[in-house]
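Take a walk through the packing of this protein.

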Amino acid sequence: HRGMLVVLESTTYPGTTDEVVRPTLERGGLTVGEDFHLAFSPERIDPGNAKFGAKNTPKVVGGQTPACTEKAAEFYGKFVDTVVRTKGTREAETAKLLENTYRHINIALVNEMSRFCHELDIDLWDVIDAAASKPFGFQAFYPGPGVGGHCIPIDPNYLSHNVRARLGYPFRFVELAQEINTTMPQYVMRRAQDLLNEEGKALRGSNVLLLGVTYKPNIADQRESPAVPVARHLADQGATVTFHDPHVLAWHTQDGVLNRVEDLYQAVQEADLTILLQKHSGYDVDSLVEASRRFFDTRGAASDSPKVQRL
């Protein structure tokens, strides 16, 4: 209706606000920038972040017209400390994709490095700590069993698809990062297989305990968690897979509901291999290592121990 401000916050490909939302809203006879205002403002919520919330995280705003930008900025300025204006909706849409693509690519970089560092007997975690001592020009990213959540494994593909569909060529960085990150769960399974072989055991028939199945530490969100394909790859190779997570009471994977262990330390003692997939603060990782037969740390959380193998 007249005078209304409409803001799209969902992460999407550049042009969505102008090409999809605007025509839909103008179908009733009203004109954007005159009868109502339209803008794009990507959400920047980081679940579990105790330092940055909605109020003190700068809010990017791009309007369909300059007047739309100002109207949206006025609205968000009532409860957000800093509003960042862009030239238009496409710039705001692309800014969100750049943020997520930046993380996606850098995570893929260290995930690939973790593979050859393992082969070369180099402690990548120590390497990253050393590099992070540089006070400029470097930001630390860390390897893991894959990427999860709705943002990192999903959103960069909007931009990659948009580039292919409109310009006819690939966004090679994104597609390569996707290839590397989506193969990490299978790599974790192969490393688990190698660890058991060192003990004279086959993965088939072994009891494997997964610790932490959410996509981020200290939250219950399981969206796109790499723990799901890790569990599937292990089960496909004949392992008996169980899990523990202080934030997840029932874990629904694509293959059904996985058994959750109730007594954590007893389960760790009985498992042929324990794999840490998420470093929840509730885990005393070193004491879990001590109780385990063999421990595979995919998050760099454990101290050095003969029982520990890092990703």
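The paragraphs below cover the cores, one arginine and a cavity.

This is a predicted model, where local features need pLDDT of at least 70, side-chain atom pairs count only at pLDDT 80 or more, and totals for chains, interfaces and linings use all residues. Residues are numbered from 1 along each chain as its sequence is written, and side-chain values use heavy atoms, leaving out hydrogens and water.

The largest nonpolar core has 27 residues. Such a core joins buried Ala, Val, Leu, Ile, Met, Phe, Trp, Tyr and Cys residues through side-chain atoms within 4.5 Å; buried means under 20% relative accessible area (1.4 Å probe, protein chains only). L210, L234, W251 and I275 touch the most other members. Two or more residues each come from α7 (184-198), β5 (207-211), α8 (227-236), β6 (240-244) and β9 (273-276). Helices (H or I, at least four residues) and strands (E, at least two) are DSSP runs, numbered from the N terminus. The largest share, seven residues, belongs to α7. A second, separate core of 16 residues includes L264, V268, A271 and Y283.

Now find R260, in the loop between β8 (256-258) and α9 (264-270). Beyond four places in sequence, R260 contacts (heavy atoms within 4.5 Å) F243, H244, D245, P246, V248 and L249. A polar atom of its side chain lies 3.0 Å from the backbone oxygen of D245.

What lines the largest cavity? The residues are P145, G212, V213, T214, S225, P226, A227, L277, Q278 and R299.

How values were computed: 1 Å grid on protein atoms, 1.4 Å probe; cavity = no way out; pocket = protein on both sides within 12 Å on 5 of 7 lines; lining within 4 Å. Polar contact = N/O pair within 3.5 Å; in protein donor to acceptor, adjacent residues only side chain to side chain. Buried < 20%, exposed > 50% of the residue type's maximum accessible area, 1.4 Å probe, protein only.
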